[in-house]
Amino acid sequence: MSEYNVVGQKLPRVDAVEKVTGAAQYGADVHPAGMLYGKVVRSKQAHANILSIDTSEAEKLPGVRAIVTQEDVPSGSRIFATDKVLYLGEPIAAVAATDPDIAEEAAELIKIEYEVLPVVQDVMEAIKSDAPRLHGDATKDGPNRRDIITKIKQLSDNQEVDNNEEIRKLEAELEKYSDEIYYNISAETHNAAGDVEKGFAESDIVVEDTYVIPRVHQTYMEPHVSVASADSSGKVTVWASTQGPFAIRSGIAGRLGIPLTQINVIGTTMGGGFGGRFGVIITHVPAVLLSQKAGRPVRVQMTREEEFLDGRPAPGCVIKLKTGATKDGHILARQALAFWDSGSVSGASIGSTIRVRGVYKIPNIRIDAYGVHTNKSGTAAYRAPGAPQAIFAGESQLDEIAEKIGMDPVKFRLMNMREEGDAVPAGGSEPKVGYKETLEAVADAAGWWNRDADENQGWGVAVGDWTNGCGPGGVYVSVHEDGSARIFHGSMDITGTDTAITQIIAEILTIPYKNVTIRRGDTDSAPYSTGSGGSVVTFTMGNTAKLAAEDARNRILELASERLNTNADNLELREGAVHTITADPPKSITLGELAAFSLSTTGGPIVGKGSFARKPSTPALAAQIAKVEVDPDTGRTRVLKLVASQDVGFAINPMAVEGQIEGGVVQGYAWAMMEEMQYGENGNINPGFVDYRVPTSADLPTVESVIVEVPAPNGPYGAKGVGEPPITPTLATMANAVRDAVGIRITELPIKPEKVVEALKNNGHKA
Amino acid sequence: MKNFEFFEPTTLPEASRLFAQEHAQLLAGGTDLVIGMKASTETPQTVISLQKIPGLDGISTDADNNITIGAMTKVREVELSEDIQKHHTALAEGALEIGSIQIRNLATIGGNIAHASPAADTVAGLLVADAQVDIASADGGRAVPINELFTGPGQTVLKPGEIITQFRLPNPTSGSHYIKHKIREVMDLAFIGVASAVNLENGVIKEARIGLAAVAPTPIRATEAENLLKGKIPTLELLRQAGEAAAAATSPISDLRCSAEHRKEMVNVLTKRTLQRAVARA
């Protein structure tokens, strides 16, 4: 028996009925009277100077009510391209018309004259001196140049000795690394601990490889959509499909110079987000501009093709990784040089390169990571931003080391995993995390220790770590005369977070789950809430909900104390009523009676308030094992078994947690095996679900989920964020399984049949 | 979507007359046309639905196991037909490969063929069934063997006003099999498609037909490979040689799905595999 009644239970989601019956209101369901249809006019070139923009023909088309370009942006904030386009699909203008077909026709009538420029879409090409430049970025130096320049500077700074000869020698050496002068760099980050050169020198085995991970799209089911309505007083209402209404409110305010509280953002039911639904300029700002100009509500809704051209997908990257270990299996050093494809603007998650470290004791580590500009749209978060890419490299290479040493991949990982109290390079010490417990749990559940495999079958294992974010939130809870409770808050439901909040409040108020309802307000009415991303919601809003329920409970006990004529510390709340602990005869009063009583008291109704911003989070581990069978003649891979364990701290709703694990695993599998945004000479060439493949249920066996619970000290009931970790190890799990099955190491994703056939041929296989 | 005129004729001559106009398109299941119109890659000024014309759908089998499939027969019906599963297994297997069940409940076999995609999933099965295509037009009509229907990607010998009405499949007395090379298990487009059909007499191959999709500008028969097989005992080595001969007959392109070289290699591998299964079924 659990010590809890509502949390820890597999309860149906609070929004199950509205989702299943179709009653849920998504962005495209919003249709205010007089609404116009907006369409963004997009660049037909991946890189070009704009010579002219002529809207005159479009303006004459009957039904067109507004056309906006950058000239209509009073703040000057860049919403539309004016003199230059940097990627295929970049917005140049937007039109609003009485009918979507008219809007589309008007968009085609806007004449844009281009002077086409050379295009660069590959990061390794973009860093070269002869690559087209997107911006006027200063060049950056690679790792060897950085080291030499640092040494030269140290020597020059030392005035006491004559170092001139040594400096000349170093300067000569610097010349040798002219290919380490990088162009088109948007950002860089460097981390080091220990001495990697020393670590590699002491290693018995050193493995070096280059890993290439493609750009992938979040492929949420609902494309971006917003409906904006600007009234004559200047007040702007935006129905937005977003993970963060408050971020959209401040984003619109900042971009367009509208006072914050003149903007009301109403979050509509979200058709998936995965980190990609925070952008403010994709549809929200164009909708507001069009509505302001037309004086009528305007909907701007992306097609799936537009999602691929101008969404904000996850960045691809190239990671050169080197690992050294002793022959008895101790990892001594790891070094990464990474180039992240940031697209036309900075923002790729280059900081996540550090995740090649994994959860291992690696005394010597060095990371040099660069964001690179290419002629593609910018990027954004996607489920554990940057971690799947870095962990793919790290965990693939770990298996290569284990293979060379002749150690079991699970044992090798267990041996090197950090433990509670170990020093953390960033400072402090390792908290209690179920690293080993989680890996052991998946190995046991999958039958790893007595695994069998027929010809062309193989097993792969990998682990991935992630730590949930944290952010501000506010929750109110009211108790009504019928003993029920209602929650009011402003965070977007993602993956069942409203359900978790409801369970927590029902638990504390000791009332049945079905007697608690939850309402989300808009930004005009609800208390501030952080965006629903970064696995923050259950951690943040769970803590906030707990505070609100505890605040309500205090008022309940205060009222009961008055009503039952006893001290509050002689009272306990259980099963929806307050009971005396010692009284003869025992006395009690229900929550409904107390709520009714409260209405005529000085203190007033039962309203609990919770307000919370941050507390340290605890890392979480996801461990996965796959068994696959590869057809060596066609290169096709079938997954026979897929088992995923995760240290979730505490599962507030185990059914929702399992759903998150399954979802993450499937997205990781897809990234490993089929998803990839492809680019031709003039931008993205697979902008749709025909040639951008997402898996169906026929591609995978049932994912077996194993929940491990090592509580997080600051999580509600010990809960950790669960949404992001499960995608992090799957890419490497699949690559490691294919390696085990047919002996080929695929370092460039996705693992398409053609690559497998090619690699096997190079290995001597003949069909 | 651009504006267009929509007609629902109830007779073939009327449909043929309308279809003879410029910028006219036939609407069967709509699973290709409507997508194209939404994407503005198809901009017909006239759309003629075939839905209201009686007698264009259904599968019938005569006493000699000759099968007729109406052009407006749903792909799902082809997939589930016991007669087609039994006598033209490769065609039923090809039908099963198209889109989702929802798509197959709308899409028609006539549309799949008339669209003339080199990658159409029912085409390899019809090729190895040696199907005759019946075509109606204002001046009566004609029949064309399926392997003479296609002239290029999206191109056929059909003249303005000509409408495919049915496919006639002679009694095959053979075993057949279709394999589609793809990445995703279901709802994927064919990287290539291979169908083989084999008639055996006393353990010797009497007749073999190999149909290939997405390896040339049109779906093709691998006649050299077929001739290689004729009159021989189907050893694994022979089937392997047939695979190589079939691959040599192709002229695939490289595109975003895969390289021409990979397509050729897969023709080799899958021809052998479909032949193995067809022999087992013969």
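Analyst: Two strands are said to pair if DSSP finds at least two bridges between them. In general, strands of a sheet pair through backbone hydrogen bonds, in either a parallel or an antiparallel manner. The model examined here is a predicted one.

The sheet in question belongs to chain A and is open, with 3 strands in the order 4-2-6 and antiparallel pairing. Its edges are formed by strand 4 (84-85) and strand 6 (111-116) of chain A, each of which pairs on one side only. Strand 2 of chain A, covering residues 48-54, is joined to strand 4 of chain A by 2 bridges, and these two strands run antiparallel. Within this pairing, Ala48(A) stands opposite Val85(A) of strand 4.

The setting of this sheet is chain A, whose secondary structure comprises 19 helices and 30 strands. Among contacts in chain A with a separation of 6 or more, 80% involve residues 24 or more positions apart. Along its principal axes, the C-alpha trace spans about 90 × 75 × 70 Å.

Of the 767 residues in chain A, 59% are buried. The accessible surface of the chain is about 29500 Å², and carbon and sulfur atoms contribute 48% of it. Chain A carries 74 positive and 100 negative side chains, with the centres of the two sets 1 Å apart.

Terms used
Residues numbered from 1 in each chain as written. Chains lettered and ligands numbered in written order. Heavy atoms only, no water. Helix = DSSP H or I, 4+ residues; strand = E, 2+ residues; numbered from the N terminus. Buried < 20%, exposed > 50% of the residue type's maximum accessible area, 1.4 Å probe, protein only. Contact = heavy atoms within 4.5 Å. Areas by Shrake-Rupley, 256 points an atom, 1.4 Å probe, with all protein chains shown as cover. Lys, Arg positive; Asp, Glu negative; His and termini not counted. Charge placed at Lys NZ, Arg CZ, Asp CG, Glu CD.
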